[in-house]
Amino acid sequence: MTVPLEGYLLLSAAVFCIGVFGVLVRRNALLFLMSVELMLNAANINLVAFGLEYGNLTGQLFALFVIALAAAEVAVGIGIIVSFDRNFESIDVTDAVTMRW
Amino acid sequence: MTLTTLPEWAALGPVFALVATALLVLLVNTVAPDSDHGGLFATLTTGGGLTGLGITVWYLLGDTGQPDGGGPIVLFDGNLVVDGMALFFTVVLTSVVVLVGLASYDYLESYPDRAAYYSLTLLSATGMTLLAAANSFVIAFISIELISLPSYALVASMKHDRGSVEGGLKYFLVGALSSAILAYGISLVYVSTGSLGFEPVAEAIVRDGIEFPGILGFGILMILGGFAFKMAAVPFHFWAPEAYEGAPAPVSAFLSSASKAAGFVVTFRVFTQVFDGALGVVDWVVAAQVLAVVTMTVGNLAALRQERIKRLLAYSSIGHAGFALIALAALTGGDDTFVLTAGMAHLFVYGFMNTGAFLIVALGEYWGLGRRIEDYNGLREQAPFAAVAMTVFLYSLAGLPAGGGFLSKLYLLWASLEGGVAVLAVALILNSAISVFYYSRVVRAMWTEPPADDLDIEEHPTGLYAAIALALLFTVLLAPGFGFVLEFAETGADIVTG
């Protein structure tokens with residue numbers, strides 16, 4: 001049984017929207033990061049599914065790069081969040097307001 | 001000329017020079033981690049930048065990658081292209097690296113981990129030069145991440161300074177979000193065209209018509225959004241004032257000049273070359289017009305009410321992103337080469353005058369002046385050179401005839417008329433008039449206000465002064481030499497739009 005292509009597009013759009021929702025409502029920096037991961041994985045779903053459809057490896061190859069870059073991004077991000085926690089004793093992104101206006 | 005003497009991959013010389021220097025800095029730090037190498041690292045960074053700059057200028061003068069010299073050099077199966085535009089922007093990027101490398105030596109005197117600072121700067125610059133030569137969405141995405149990840153760390157590098165960490169966190173959060181949007185946009189373009197190289201995508205759009213125009217349209221808008229983050233254009237500009245204010249001042253100079261220029265080069269390339277045939281799917285020229293007008297207005301109006309000098313410069317740099325976006329917004333099918341040329345030339349001049357202005361702030365922080373505009377009161381008495389240089393930088397940014405900024409804004413105005421978009425011309429003039437007000441506040445503070453009683457400047461750091469003098473020299477010289485810049489910009493723009 002094969003899944004129709006529209007199915008993959010709908011799935012990825014749903015995952016992307018869940019990610020956007022998480023970004024908008026979460027106050028915890030780590031959950032923000034997870035939401036961004038969801039958005040990146042939504043892109044990967046598209047890339048891999050349509051790589052199969054078009055019969056070339058471009059999409060799957062790019063998906064591998066996206067996965068690696070997402071890991072690198074999290075590594076840097078966690079570092080910044082740790083040093084934020086040391087300075088502000090919180091990882092709530094709404095606490096980062098000392099410079100506003 | 002170089003084609004006959006050098007292998008093709010040598011066209012990427014500037015990229016190799018920067019990445020090799022970054023690795024060299026790390027190597028020195030690994031071999032002798034405990035000794036103080038501040039001077040050596042600064043020399044290496046400046047040297048790496050100069051090597052890249054020298055190679056690029058040599059290629060430009062030798063017609064490498066230009067129509068007279070055999071056309072663009074395409075490398076790695078069409079993934080990278082070295083043409084006039086890539087080389088033109090590499091000149092800006094490497095020049096900024098040289099200025100920042102020079103200035104950082106004094107600024108970082110008491111800084112704990114200088115090897116990390118210099119190598120991250122160099123790696124980020126590597127990403128920028130690579131992005132200027134990117135010819136596929138894969139390379140463009142990877143280069144953007146290579147620019148961004150070191151930048152996040154650089155902004156947050158003062159680990160015990162709350163402002164620095166807070167700026168870094170905000171920069172990282174907005175950056176992570178926008179790179180996810182960019183990745184999804186790229187995946188949608190792949191869904192509708194089946195390829196990721198710039199040329200194959202452009203061909204697919206023109207050849208097949210588009211099966212799912214809605215998907216491609218969403219993809220294009222998301223990609224524009226992802227690039228807007230790098231350009232610090234509305235609606236992805238929120239990070240800029242926070243990150244520039246929190247970061248060490250040379251890093252702010254680096255990000256606001258080089259990172260922005262890199263964002264623009266990929267945007268110019270993608271939208272003129274790839275999505276040129278997709279205007280029927282989504283009218284991105286109108287989107288760019290809205291972005292340009294909104295960005296320059298938001299940037300300049302917000303700058304009016306800033307009390308702190310770095311935030312003022314940050315909003316001014318957002319305003320300048322709006323000005324440079326005219327180069328996309330006026331691509332209405334008139335003289336497209338001229339429009340693009342004007343935008344490229346503006347970014348060239350902007351690279352020097354904006355870096356210079358931020359380096360004066362670095363000098364102020366070195367002296368411990370404080371962050372508000374009043375803290376620069378009466379600077380003329382203690383540091384006349386800095387006051388003169390800052391005045392030239394600011395009035396050149398405003399578009400007054402104090403340096404190259406006047407001519408580049410004149411050309412942007414001409415370009416918006418050439419494209420037949422009068423609203424852009426009106427917005428450009430109004431916003432430049434607004435900008436004169438807030439730049440004048442800083443100038444007035446330096447020249448007419450009496451200095452604070454405790455203002456006492458004894459040190460005149462050589463590296464910072466040298467970097468500022470160089471930036472000043474180029475800002476002034478670019479007024480008579482503007483024709484020279486235009487000539488190279490036009491050759492670069494011609495290949496892309498042609």
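Modeller: A residue is buried if 20 or more other C-beta atoms, placed from the backbone, lie within 10 Å of its own, exposed if 12 or fewer do, and partly exposed in between. The model is predicted, so to speak of local features takes pLDDT of at least 70 and side-chain atom pairs count only at pLDDT 80 or more, while totals for chains, interfaces and linings use all residues. Residues are numbered from 1 along each chain as its sequence is written, with chains lettered from A and ligands numbered from 1 in the order in which they are written.

Colleague: Thanks! Is B:I223 buried or exposed?

Modeller: B:I223 is found in helix α9 of chain B (helices are DSSP runs of H or I with at least four residues, strands are runs of E with at least two, and both are numbered from the N terminus). It touches B:L182, B:G185, B:I186 and B:V270, leaving aside residues up to four places away in sequence (a contact needs C-beta atoms, placed from the backbone, within 7 Å). Because 28 C-beta neighbours fall inside 10 Å, B:I223 counts as buried.

Colleague: How far apart in space are B:I223 and B:E166, C-alpha to C-alpha?

Modeller: In sequence, B:I223 and B:E166 are 57 residues apart. From C-alpha to C-alpha, the spacing of this pair is 27 Å.

Colleague: At what angle do the axes of α7(B) and α10(B) cross?

Modeller: Here α7(B) covers residues 162–193 and α10(B) covers residues 239–246. Their axes come within 7 Å (lines fitted to C-alpha atoms, for helices over the stretch in contact, with angles from 0 to 180 degrees between N-to-C directions). The crossing is left-handed (the near helix is turned anticlockwise from the far one by less than a right angle). The angle is roughly 145°.

Colleague: How many residues of the contact of α7(B) with α10(B) are charged?

Modeller: The α7(B) side includes B:G163, B:E166, B:K170 and B:Y171, and they belong to a set that meets B:W239, B:E242, B:A243, B:E245 and B:G246 in α10(B). Four of the contact residues are nonpolar and six are polar (Ala, Val, Leu, Ile, Met, Phe, Trp, Tyr, Cys and Pro count as nonpolar, Asp, Glu, Lys and Arg as charged, and the others, Gly among them, as polar). The number of charged residues is four.

Colleague: What separates the C-alpha atoms of B:Y244 and B:S164?

Modeller: B:Y244 is found in helix α10 of chain B and is buried, with 27 other C-beta atoms within 10 Å. Residues up to four places away in sequence aside, B:Y244 touches B:S252, B:L255, B:S256, B:K310 and B:A314. B:Y244 and B:S164 are 80 residues apart along the chain, and their C-alpha atoms are separated by 9.0 Å.

Colleague: Which helix gives the most to the side of chain A that touches chain B?

Modeller: In this interface, 34 residues of chain A are in contact with 32 residues of chain B. The elements giving two or more residues to the chain A side are α1 (5–25), α2 (29–54) and α3 (58–88) of chain A. That side divides into 25 nonpolar, eight polar and one charged. The most, 15 residues, comes from α3(A).

Colleague: How far apart are the end C-alpha atoms of α12(B)?

Modeller: Buried residues of α12(B) pack against α9, α11 (249–274), α13 (309–329) and α18 (422–447) of chain B. With 21 residues (284–304) at 1.5 Å a residue, α12(B) should span 30 Å (the expected span is 1.5 Å times one less than the number of residues). The model agrees, and the end C-alpha atoms are apart by 30 Å.

Colleague: Which residue does a cis peptide bond join to B:V234?

Modeller: Omega of this bond is about 5°. B:V234 is joined to B:P235.

Key:
Contact = placed C-beta atoms within 7 Å.
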